[in-house]
Amino acid sequence: MLRFILLPLLAVLAACQDPPPQRPVHVMLRPYLLRPGVDPAGGNAVVVYLNRDDGRVREGPGRAAGTPWTTLRVLVGVGATLPSSLSLRGDERVTDEGDGFERLERASGSQVLSMLRFMGPCGQEVLATAWSNDSPSRGIYRAEMQMDELHLQYSYGAESHADHLRFAAWAYAWYMGRPCSQQQQNSERVPSTGTRIAPGGHRNWETVSIEGLKKQDEWRRASPTAFAKVSLDMNGDGLKDEATLVIDRARHHSGLRVCFGKKNPNSPSKCHILVDDDLEDSYDDMGLMVRAPGCHDYNTVNDLVDASGKICSRTPALNYFREGSSTSFFLYDQKTGRFNRYWDSD
């Protein structure tokens, strides 16, 4: 009898208690909670759901219902490193699938790590890890893009390269509040370094005139290529890559381009724009040199201020220097498939 009296009393007391406090959402994520359909996903992430058919935000009760074939689950998390990049060791088998897509695969126990790497909207590199594959082209993926100190993670079902590109564009457009206004090309890729370089992928880049530079600046005559072009194996595949100072006359920009070496001379070039400067003549003062493999001290990496340290590499580094002033160098990270820029002088 006492039990029957106490149970309702306990239920009433429980209803009167305040709900357990929720973990506060990180300050960088709070603006997203003001947008329609967004929910907290712990203290360091928020989540929103998009229709797979048209990319529109799902709202109302039950918006989280659905499958990767009906809904894109988009999560914004805090962190300057993509979670998926931590699973890369550098010994993955890389297969070129065409259309600017590379598949990275590695046996991991009884399972096989399978990841797509491609260039998404506005030069954002995308890493898409396969959760399940019904066929080589059809599967469920979790993709990630690095967005400054936040990362964008979204899951979906895809049946083609076009699906991957379309969903990347939708996730990017929701995050930015607007779609990317630049048309991405497959001929040149812009790696996601920490530096806020302008997205490239333009077909208008052309190499600067070596003879013109030699006539213009005496210091350039010490190099057969006027310190405007060097060859080195940056990605460690045994092939010579070519780094050159380039100019885009249509946009009045100058920059630095690296094109990976290729075994088949008839295959398309894979080029990366490492620097895209909005001053057309800024290349006048810049030069390139090869730095031998080894350990290098630096005081800044990418956009991180006062991030000093030492980096050791078995591959050569690309020195990118301003005559009589500051010097920086680029190294290719085989684990993440990205270039990092290090500064070793002010």
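Disulfides and nonpolar cores

The structure holds two disulfides, a disulfide being a pair of cysteine sulfur atoms within 2.5 Å. This is a predicted model, in which local features need pLDDT of at least 70 and side-chain atom pairs count only at pLDDT 80 or more, while totals for chains, interfaces and linings use all residues. Residues are numbered from 1 along each chain as its sequence is written, and side-chain values use heavy atoms, with hydrogens and water left out.

Cys259 lies in strand β14 (residues 253–259) and Cys271 in strand β15 (residues 271–277), so the link ties together parts twelve residues apart in sequence. Strands (E, at least two residues) and helices (H or I, at least four) are DSSP runs, numbered from the N terminus. Cys259 and Cys271 are both buried; buried means under 20% relative accessible area, exposed over 50%, and partly exposed in between (1.4 Å probe, protein chains only).

The other disulfide joins Cys295 to Cys312, with an S to S distance of 1.9 Å. Cys312 counts as partly exposed because its relative accessibility is 46%.

The largest nonpolar core has 34 residues, and Met145, Tyr154, Tyr156 and Trp174 have the most contacts inside it. Such a core is a set of buried Ala, Val, Leu, Ile, Met, Phe, Trp, Tyr and Cys residues joined through side-chain atoms within 4.5 Å. Helix α2 gives the most to this core, with seven residues. A second, separate core of 23 residues includes Met234, Ala243, Leu274 and Leu288.
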